[in-house]
Structure formats: C-alpha cells, structure tokens
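Biologist: I have just opened this one and would like a walk through it. Could you take me through the parts one at a time?

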Amino acid sequence: MKFKDFISDRIGYIAVYFIGIALVVLVVELDLLGQHAGLGWDNLLYIAILSVVGVGVYLIVDYARNRPFHRQLARMADREAELDDVLGLQGAVTREQRAMQTIAIANYGKYVERLEQYKQQQDQHQTFVRQWVHQMKTPVSVINLLTQQAEGADREEAKSLAASMQEENEKLAHGLDMMLSTARLEKFELDLHIKQVELIRAVRSVINEHKKACIRYRIFPKIEANAEAIWAETDEKWLGFILNQLITNAIKYSKPKEGAKTLLVTVTEQDRLCRVAVQDEGIGIAQHDLPRIFQAFFTGENGRRVAESTGMGLYLAEQVCMRLGHRLEAVSTLGDGTEVTLTIAQQAGYHRVT
C-alpha cells in the first residue's frame with residue numbers, strides 16, 4: 001500500500017483530530033477573552049505546528065509498522081499468487097489485522113476441506129460409473145446369449161429362456177435406476193417433496209415390483225404392522241428408493257440359500273417414531289463387515305459370493321436417509337439373515353435438508 005493510500009484511508013481520523021484541536025483552542029480563546037486576554041498568534045502557530053508534527057510522526061510510524069503486512073496482502077492480490085500463500089501471512093500488528101489473518105487462514109482451511117470432499121465425490125462417481133458399466137455389460141451379454149439360444153428352442157425351453165431374460169432385464173432396470181438416483185442425489189434439494197406417506201402401502205407397492213423375483217427364488221414376503229395405517233412425513237419417491245434398495249438386497253442375498261425363505265417386513269409406530277424393518281433369511285453378513293456396509297463400494301465377504309454386489313445400494317440409501325433426517329440401522333448373523341431398520345421421526349413441520 002502506498003503512503004498516500006494509507007493517508008486517504010485515515011483522512012477521517014485526521015480531520016476529526018484537527019477539528020478537535022480547533023475546538024479546544026476556540027474554547028480556551030473564548031475563556032481568555034472573558035478575562036481580557038488571548039493566546040496570541042505565536043501561541044496559535046506553536047499549537048498548530050505541534051499538532052501537525054505529532055500527527056505526522058504518528059502516521060509515519062504507523063505506516064512503517066503496517067507496511068510489511070500490507071505488502072504481503074498486495075502480493076496475495078497478485079493474479080500469479082498461489083492459493084496457499086495465505087498460510088504465510090504474518091506480521092499483523094493490529095487486532096483488526098490479526099482477525100483478518102485468522103479469518104483468511106480459517107477460510108483457506110474450509111476451502112481445502114470442501115475441495116477435498118469434491119475430489120472424493122468425483123473419484124467416487126467415476127469409480128461407480130466404471131463399476132456400473134461393468135455390471136450392465138453382464139446382463140446385456142447374457143440377454144444376447146439367451147436370444148441366440150431361443151432361436152431353436154421348443155416352447156417350454158423358450159419360456160424358461162424368457163424368464164431368464166426377464167431377470168436380466170430387471171437387473172438392467174435396477175442398475176439404471178441406481179445411476180439416475182445417484183445423479184439426482186447431487187441436487188437433492190431440487191427433487192424433494194415432503195408430505196404424509198402411508199408406509200404399509202409404500203412397502204406393499206415395492207414388494208409387488210419384486211414379486212416375480214420372489215416367486216423365482218421361493219421367497220415369501222410377509223408384512224406385519226401394529227396398526228391398519230401408519231403415516232410418516234417423508235418424500236414418497238425417495239422413500240420408495242430406500243425401500244427398493246432394502247428389498248432388493250434381501251432378495252439378492254436370500255436367493256443363494258436353498259429352499260423356501262421368508263421376507264418379513266414389519267411396520268410399527270411408537271413414541272412418535274415410525275419404523276420399517278426388513279428381515280430376510282439369507283446368507284447374512286459377517287460381524288467384522290457389519291460396521292462398513294454403509295460405506296461406498298464396500299461389498300465384504302458377500303461380494304465374493306454374489307457377483308452382482310456393487311457396494312452402492314446401502315450407501316445411497318443411507319445418504320438419502322441422512323438428508324431426510326431418517327436413520328438406517330442393520331443387524332445380522334452370518335448364515336441366518338439380516339435385518340435392516342428404517343426409522344422416521346415424526347417432526348412438527350421442520351425438515352433439515354443438506
């Protein structure tokens with residue numbers, strides 16, 4: 001900062017100072033006039049010189065103290081300056097400058113943190129896209145193979161091939177839905193409509209979408225509730241997405257087990273808390289894997305047993321729950337099945353969306 005700029009920033013203080021000196025001199029002069037006396041021109045000149053010299057010396061010393069800090073700010077304002085130069089900001093001599101230095105460093109830390117979060121999201125998105133493309137190539141290849149086999153098949157064999165193609169088509173549809181939901185999650189607040197949703201009906205609707213898979217793998221869904229209708233404040237579309245992930249996982253990890261299996265969905269309301277518990281009789285989850293099932297791309301031991309595991313279903317469901325203010329919990333016993341519980345708190349018109 002140049003000295004003239006430094007003075008112009010303090011011109012108000014200088015003006016107030018000299019106005020104050022003038023008023024003091026005026027009061028003294030008026031008092032002396034009442035006593036038939038006066039300061040005299042030599043005294044007035046002496047007061048003026050002392051005032052100017054005093055202010056000048058103070059401004060010069062103050063400029064010298066502040067100059068190193070202002071020079072650092074000037075370098076940081078340069079277009080070629082690096083972003084992390086703010087960490088080298090030193091030499092603050094006033095409380096205002098120290099506060100500015102603290103704020104600048106704190107904002108730099110927040111910026112770096114957000115930038116790192118953005119990089120992680122980008123890396124996560126790219127990894128998911130690669131996995132998604134790989135997962136979608138498998139159903140496409142299988143459908144192509146089944147189509148070739150169907151050309152010379154008889155009626156019964158054709159029906160079996162058609163059922164297999166339907167299964168692969170459902171995998172494609174589920175994968176596309178997951179990709180669209182991932183894209184929508186980035187602008188979650190633009191795709192949100194909170195209203196009263198009847199949970200039993202929502203659960204039944206999702207189960208009906210998977211009835212063919214349930215029949216195919218001998219899975220018998222059952223809904224239990226402690227009331228005829230249970231209402232909760234949530235987003236119907238996103239609730240359907242969460243329930244779809246839970247039901248899909250229950251079917252996916254139940255089908256490797258032989259024989260008939262039960263898929264029990266329990267809907268309850270108590271103490272202003274609505275709960276939807278999805279319990280399967282599938283292969284279960286190892287205890288050491290359980291704390292990590294809501295992490296992105298984590299498949300654990302089950303990922304080696306079920307090839308279509310992506311590690312994104314529960315992660316996305318948990319992310320949606322976090323934004324809606326809901327809670328998702330899981331308990332499991334390896335070999336005996338898994339229970340995932342969605343908890344929705346009844347709130348009086350307040351919704352926190354992030």
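Biologist: Which residue in β4 does Phe-220 stand opposite?

Modeller: Phe-220 stands opposite Thr-262 in β4. Before going further, please note that this is a predicted model, in which local features need pLDDT of at least 70, side-chain atom pairs count only at pLDDT 80 or more, and totals for chains, interfaces and linings use all residues. Residues are numbered from 1 along each chain as its sequence is written, and side-chain values use heavy atoms, with hydrogens and water left out.

Biologist: And how many bridges join β2 to β4?

Modeller: Seven bridges join β2 to strand β4, residues 261–270, and the two run parallel. Two strands count as paired if DSSP finds at least two bridges between them, and the strands themselves (E, at least two residues), like the helices (H or I, at least four residues), are DSSP runs numbered from the N terminus.

Biologist: What is the strand order in the open sheet?

Modeller: The open sheet has five strands in the order β2-β4-β5-β7-β6, with mixed pairing. Its edge strands are β2 (219–225) and β6 (327–333), each of which pairs on one side only. On average, neighbouring strands of this sheet are turned by 15 degrees against each other, direction ignored, where the axes are lines fitted to C-alpha atoms, for helices over the stretch in contact, and angles in general run from 0 to 180 degrees between N-to-C directions.

Biologist: OK, and how do β4 and β5 pair, parallel or antiparallel?

Modeller: β4 and β5 pair in the antiparallel sense over seven bridges, with Leu-264 standing opposite Gln-279 in β5. These two strands form a hairpin with two residues between them, and Asp-271 in the turn has a positive phi of about 55 degrees.

Biologist: What about β5 and β7, how many bridges there?

Modeller: Seven bridges join β5 to β7, which run antiparallel, and Leu-273 stands opposite Ala-345 in β7.

Biologist: Changing topic, what caps the N-terminal end of α8?

Modeller: Asp-235 caps that end of α8, with a side-chain oxygen 3.0 Å from the backbone nitrogen of Lys-237. A polar contact here is a pair of N or O atoms within 3.5 Å; within protein, one must be able to donate a hydrogen and the other to accept it, and residues adjacent in sequence count only if both atoms are side-chain atoms.

Biologist: Why is α8 described as largely enclosed?

Modeller: Because 14 of the 17 residues of α8 are buried, the helix is largely enclosed by the rest of the structure. Buried means under 20% relative accessible area, exposed over 50%, and partly exposed in between, with a 1.4 Å probe and protein chains only.

Biologist: How far apart are the end C-alpha atoms of α8?

Modeller: The end C-alpha atoms of α8 are 24 Å apart, which agrees with the 24 Å that its 17 residues should span at 1.5 Å a residue; the expected span is 1.5 Å times one less than the number of residues.

Biologist: Which aromatic residues pair up within α8?

Modeller: Trp-238 and Phe-241 both lie in helix α8 (residues 236–252), three residues apart, about one turn of the helix, and both are buried. A search of the whole structure finds two aromatic pairs. In one of them, the rings of Tyr-17 and Phe-18 have their centres 5.4 Å apart and their planes at 70 degrees, so the pair is edge-to-face. The rings of Trp-238 and Phe-241 have their centres 5.8 Å apart and their planes at 85 degrees, so that pair is edge-to-face. Rings of Phe, Tyr and Trp (its six-membered ring) pair if their centres lie within 6.5 Å, with planes under 30 degrees apart counted as stacked, over 60 as edge-to-face and the rest as tilted.

Biologist: How accessible is Tyr-17?

Modeller: Tyr-17 has 35% relative accessibility and counts as partly exposed, while Phe-18, at 31%, counts as partly exposed.

Biologist: Last one, what does Asn-66 touch?

Modeller: Asn-66 touches Phe-6, Val-93, Thr-94 and Gln-97, not counting residues up to four places away in sequence, where contact means heavy atoms within 4.5 Å. Asn-66 lies in helix α3, residues 41–77, and is buried with a relative accessible area of 1%. The side chain of Asn-66 also reaches the backbone oxygen of Asp-62 at 2.7 Å.
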